[in-house]
Amino acid sequence: MGRRFLLRFLKLHWFGYAVGVAFMFLASWIQTLFPRILGDTVDILKTAGFAPAGVYTQIGYLLGVAAATFGTTYVWRNLVIGGARRLECDLREALFDHFQVLSPSFYSRRKTGDLIAYAINDINAVRMMLGPATSQAINGVAVILFTVVAMARASDWRLTLLALLPLPFIVAFMLVVGRVVKKRFKRVQKTFATISDRVNENISGIRVIKAYAQEDEEVRRFERLNDRMVEANLAMVRVSSLLSPVIEACFTVSFVLNLILGGGRVLAGQITLGDFVAFNGYLVLLLKPVISIGQVINVVQRGMASLSRLDEILDVAPDVVDGGPVAAFPAHAGIAVRDLSFAYPGADREALSGIDLTIPAGRTLGIVGRTGSGKSTLVQLLMKMYNVEDGRILFGGTDLNDFRLDALRRGFGLVPQDNFLFSATVEENIRCFQGGYTPEQVAQAARDACIYDSLMALPDGLGTMLGERGVNLSGGQKQRISIARALIRDPEVLVLDDALSAVDTVTEGEILANLRRVRAGRTTLIIAHRISAVQEADEIVVLDAGRIVERGTHAELLAKGGPYREICDLQ
Amino acid sequence: MKSATSSSLRRLLSLNRPHAKKIALAAFFVLLVNGALLLQPYILKVVIDDFLTQHVAQQGLYSLPAMGILYFAVVVAAGFFSVAQVNLVNQIGQKIMRGLRTRVFRTIQLLPLKYLDRTSTGSLITRATNDVEALSDLYTDVLMSLFADAFLILGIIGAMLLIDVRLALVSLCVTPGMFAVIFLLRTKIKKNFQRVKRLIGRINGFLAENLSGMKLVQSFCAEKEKKAGFTGLNGEYFKSTLFQVRMNSVLRPLSDVFQNLTVALLLWYGMGRIGASTLEIGVLYAFTTYVKQFFSPVSDIADNYTTIQSAFVSADRIFELLDQAPTLEDLDAGLPLDRLRGDIEFRHVWFAYNDEDWVLKHVSFHVLPGETVAFVGETGAGKTTIISLVSAFYAAQKGEILVDGIPIGDIRKRDLRRNISVVLQDVFLFSETIGRNVSLNDEIDSEEIEDALKTSYAKVFVDFLPGGIDEPVMERGSTLSAGQRQLLSFARAIAHDPAVIVLDEATANIDTSTEGLIQKAIENVARDRTTLVIAHRLSTIRKADRIVVMRDGEVVETGDHESLMDRNGYYAEMVQGGESVGENPDDSPESSSGTRGAAAL
Ligand SMILES: Nc1ncnc2c1ncn2[C@@H]1O[C@H](COP(=O)(O)OP(=O)(O)OP(=O)(O)O)[C@@H](O)[C@H]1O
Ligand SMILES: Nc1ncnc2c1ncn2[C@@H]1O[C@H](COP(=O)(O)OP(=O)(O)OP(=O)(O)O)[C@@H](O)[C@H]1O
Ligand SMILES: [Mg+2]
């Protein structure tokens, strides 16, 4: 998947890369002009009584080479290295796109800080592979080919073969070490991600850590992680530091062979001293690019390690996908749930079993039940956060799995149990970043959620920036903003999942009254522990251990004297 | 800005001090490697001059094969020293990084909430990760090559000066121009790095927020808008990095350009002297070679320039955070207290999170040891704030808070907080096992954990988990129901056997029957402890010894349930507000959905 992305990217931007590589060659070629110009100048200077004009021309050439070197290098670097930067950002966006379609079941397995490291650190390693390392490799390979050809042309083919003798060994060595580097770099990246995650988690949980004075122990635990990071890094460098010196040593074998055998042949008069020196010169020329390829291998292996890590994520297919083509949520539709059972992936206990429900359009359903009885699960299934079998849930007669995901979810306005707010302005939070709402609508939603006055008391009113997860608000304020966020959508189905738990009774009463007004004739689901929140519903169901154990109106259930009655008596 | 960098530099260097010996050893290895580099051409020269040109007789070690082997030996030795050097420097670098990372982490842990509330997680995370990593690049890639380069440059300048002072000066006179260009670009490059790193921090924060809120984004179909936000940020980052590439594209060819310029100048100057026969061509030619050798390390330094700049900007960012040291919480300062009695008194306390936006206004109350006191009031009245003050998370601006009769600021924070267990309104669970989430890092054996789980009725669901108390909790407890998370956080508080228990909406997400059971259990646990309770479900607090009624940051009433009801004030109003509907179930029967839409099913 990551590889496919790279190919697609190259296909899209091949022209820029081609031009860049062309300029790269041009730059190398221009640099080879330098010795020639210098040689010519020296030749001119050698002649007694030379004309300065000739020298000036040569100096002019030198300046020209300087300018051309600058120009060509500037162009190829911008194209090739800049291209890798573009790739970095495109890849990050592709990853983000992917993150956005992955389902909750993925997020309950993976950790945030860890995922962030993929998006920043691993992508960076991929960029290093495709930018600096690739250009260095192209340069190196070009120089090697150029030199080998020149070498074969200028001297004995046997000597040339001799020079290339260690090459197979070098390649084999690079492959072996490269694999080890890759493995160890993967460990480095993994540890890095763990560190990033630990820091993230410890910041999010800082209030608990402080409340229980756990700071010292946490630092100690972090140090252990830190040691692992050091260990992983050292282990990698232990291998990667071998690359260049070993390659150089291998290569020296040709050097030494040339020294001994070539020297012998000079003495035997088989080749001239000039040939010998020239050949030596070529070997020196080869050494630098071969060693640089060792460094390239290092970077490339790291990039490959990160790419394969990225694949672990990019290859995860979203569990929940568009089911069918229906692109609009039916207006004024009833909800039917037929014998719905559900177990969370990996759990051996059903969270819901045999749920049957009919919510006629425009009615209000109240759901009560013990902690962990499956109330929130039911809501998540209605919104298809997890997969549901065909024929289990229907909206206005249309199966849940016939909808496009966005169409389905746009039909809902959810007030989730944990009030997640973004660190954006209050107004953006209420709009949930969607356009198309007038300021009046925002204000009205806030009023309906009984939060308008508190918000206006904030320093910048609705424009006040919230801290992360809304830290600078009280629990009840957060919850009511979250209610306003659902109300402003004027959804076909409004779902309040324990959405009044953090507000006082007086405010609760006001909000419920507002709801009755604005939700008149609209479908509404209210999950609550306080009876006061559900007693006016058209129907109330009581869940226990994933089953509906009782249903009816408040009055009916009171009369029944079952579990519902018990709850009422306790309040 | 400049002073920030130079002091960062000084502080960075001071980190090396403990490793001075090893660094010297590494530097020595660098010299050895360089020496070997010089030895290689010399061996070649001996072979060519002595054996191949002058045909000196070979004998023993003074022979062609021996020279070849010597050559090989020199390369191997140089390789050995360079491996040793790289590993040594890396060890030092990693040690320093480890130290920095821990210091950054410690600082983050000890920052006061006042600071943390206003700081984005992303910018803190990147300091402990990417910024430290940028410094690590300095060690692994740059430091020793810089040393070797400086060594080479000095050697070459020396050689040039020895041969011909005037030519040497001519050769060197253009180089300052190159450094002038770098110097001119310096501010731009640095500013850009600051921007790049700030943006990486923001991207980090954006991801942190959106990945943990992904479910919400998906339920609200806000993917497109969030993507737009991300693209904006990422695009800004892209632009800044492109600028960096552009700057690099100017810097990298610079040494080639200046090398050509220097040679051109040499030729121009030499031309005159050769014309006047005061200079030999050979010397001039030799100088062009020296110039080439001279520019090789110079270009190295120029290439590394951006890495160095990047590292300095990261160092600035790290030290900026470490400079918060004076504001950090000192858990160990103050009066040690083993066990609190649990006497808590507020005397005319005023508190504001910012400036003068008073959240608490002359709040006074006195909680006696062993008492259960409830705080009620409309949302945003300041109840959570009061308990934050009791834990000394914030300091009151005016008035006095006394714990066991001692001003709270004088008590050792560690002792204070260990004695107070808070069940926070926003439950936080760590990605650890159930057991560790209860015990945290403290030594609480599994029996006590089980007891705590039993008391909080969390055991009911924990027993159903395949791993029991060893079952891992996913991030923030995402695979548990909200109520279950709250039960665990409750168990955590109980297991720590505190002198004071604070329950902030601790049962808000828990069903009434479980709550009732917990309450009975708590009554046993809390018998001789001070208990502070905040609850909106007023049924929960009816039995409290005293109820403090808050409104708009002020205490408006205090008393027990009966006396407050008798007063018929704000509290009575709230109780009735909650019950009015409850007591008259037929009050507005089904009127809510007056327009009974045709059932579409
Ligand atoms: N960290 C903070 N920074 C700035 N303002 C804050 C912060 N925390 C709370 N506030 C503000 O202080 C006021 C009191 O908040 P507090 O959390 O104490 O209310 P509360 O009585 O506990 O309400 P609730 O019942 O909703 O939990 C609120 O207006 C809130 O916006
Ligand atoms: N993502 C998940 N993966 C696995 N199990 C889960 C997941 N979410 C919830 N559960 C389990 O499913 C059961 C039902 O959870 P659910 O959140 O629906 O309860 P609830 O009725 O909403 O409870 P509460 O009143 O506490 O909110 C619980 O036992 C819970 O532990
Ligand atoms: Mg729930």
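**Where chain A meets chain B**

Author: Happy to! Please keep in mind that this is a predicted model. Let's begin with the charged pairs: across the interface of chain A and chain B, the rule finds ten salt bridges. Polar contacts can be counted there too, and 49 residue pairs make one across this interface, both residues being at pLDDT 80 or more. On the side of chain A that touches chain B, helix α8 (residues 215-267) of chain A supplies the largest share, 31 residues. Sorted by class, that side of chain A has 82 nonpolar, 51 polar and 45 charged residues.

Now for the extent of the meeting. Chain A brings 178 residues to the contact and chain B brings 177 residues. The two chains bury about 15600 Å² between them, and 64% of that is on carbon and sulfur atoms. Which three residues supply more of the area that chain A buries against chain B than any other three? They are F96(A), K210(A) and Y212(A), with 5% of that area.

Let's look at some individual salt bridges. In one, the side chains of R98(B) and D227(A) meet, with N to O at 2.7 Å. In another, R207(A) pairs with D117(B), and their closest N and O atoms are 3.3 Å apart. This pair crosses between chains: R207(A) sits in helix α7 (residues 206-211) of chain A, and D117(B) in the loop between α4 (113-116) and α5 (121-163) of chain B. With a relative accessibility of 27%, R207(A) counts as partly exposed, because the buried class is for values under 20%.

A further bridge runs from K478(A) to D426(B), where the closest N and O atoms are 2.7 Å apart. K478(A) belongs to helix α15 (residues 475-487) of chain A and D426(B) to the loop between β6 (420-423) and α14 (434-439) of chain B, so this pair joins two chains. Are its two ends buried or partly exposed? K478(A) counts as buried, at 6% relative accessibility, whereas D426(B) is partly exposed, with a relative accessible area of 48%.

What does N87(B) touch? Leaving aside residues up to four places away in sequence, N87(B) touches V237(A), R238(A) and S241(A). N87(B) counts as buried, since its relative accessibility is 14%.

For contrast, here is a salt bridge within one chain. R309(A) and D122(A) form it, and their closest N and O atoms are 2.9 Å apart. The pair links distant parts of the chain, 187 residues apart, with R309(A) in helix α9 (residues 273-314) of chain A and D122(A) in helix α4 (residues 112-154) of chain A. R309(A) counts as buried at 3% relative accessibility, and D122(A) is buried too, with a relative accessible area of 0%. Over all chains, a search of the whole structure finds 52 salt bridges.

Conventions: Residues are numbered from 1 along each chain as its sequence is written. Chains are lettered from A and ligands numbered from 1 in the order in which they are written. This is a predicted model: local features need pLDDT of at least 70, side-chain atom pairs count only at pLDDT 80 or more; totals for chains, interfaces and linings use all residues. Side-chain values use heavy atoms; hydrogens and water are left out. Contact means heavy atoms within 4.5 Å. Buried area is the accessible area (1.4 Å probe) that two parts lose on being put together, summed over both. A salt bridge is a side-chain nitrogen of Lys or Arg within 4 Å of a carboxyl oxygen of Asp or Glu. A polar contact is a pair of N or O atoms within 3.5 Å; within protein, one must be able to donate a hydrogen and the other to accept it, and residues adjacent in sequence count only if both atoms are side-chain atoms. Helices (H or I, at least four residues) and strands (E, at least two) are DSSP runs, numbered from the N terminus. Ala, Val, Leu, Ile, Met, Phe, Trp, Tyr, Cys and Pro count as nonpolar, Asp, Glu, Lys and Arg as charged, and the others, Gly among them, as polar. Buried means under 20% relative accessible area, exposed over 50%, partly exposed in between (1.4 Å probe, protein chains only).
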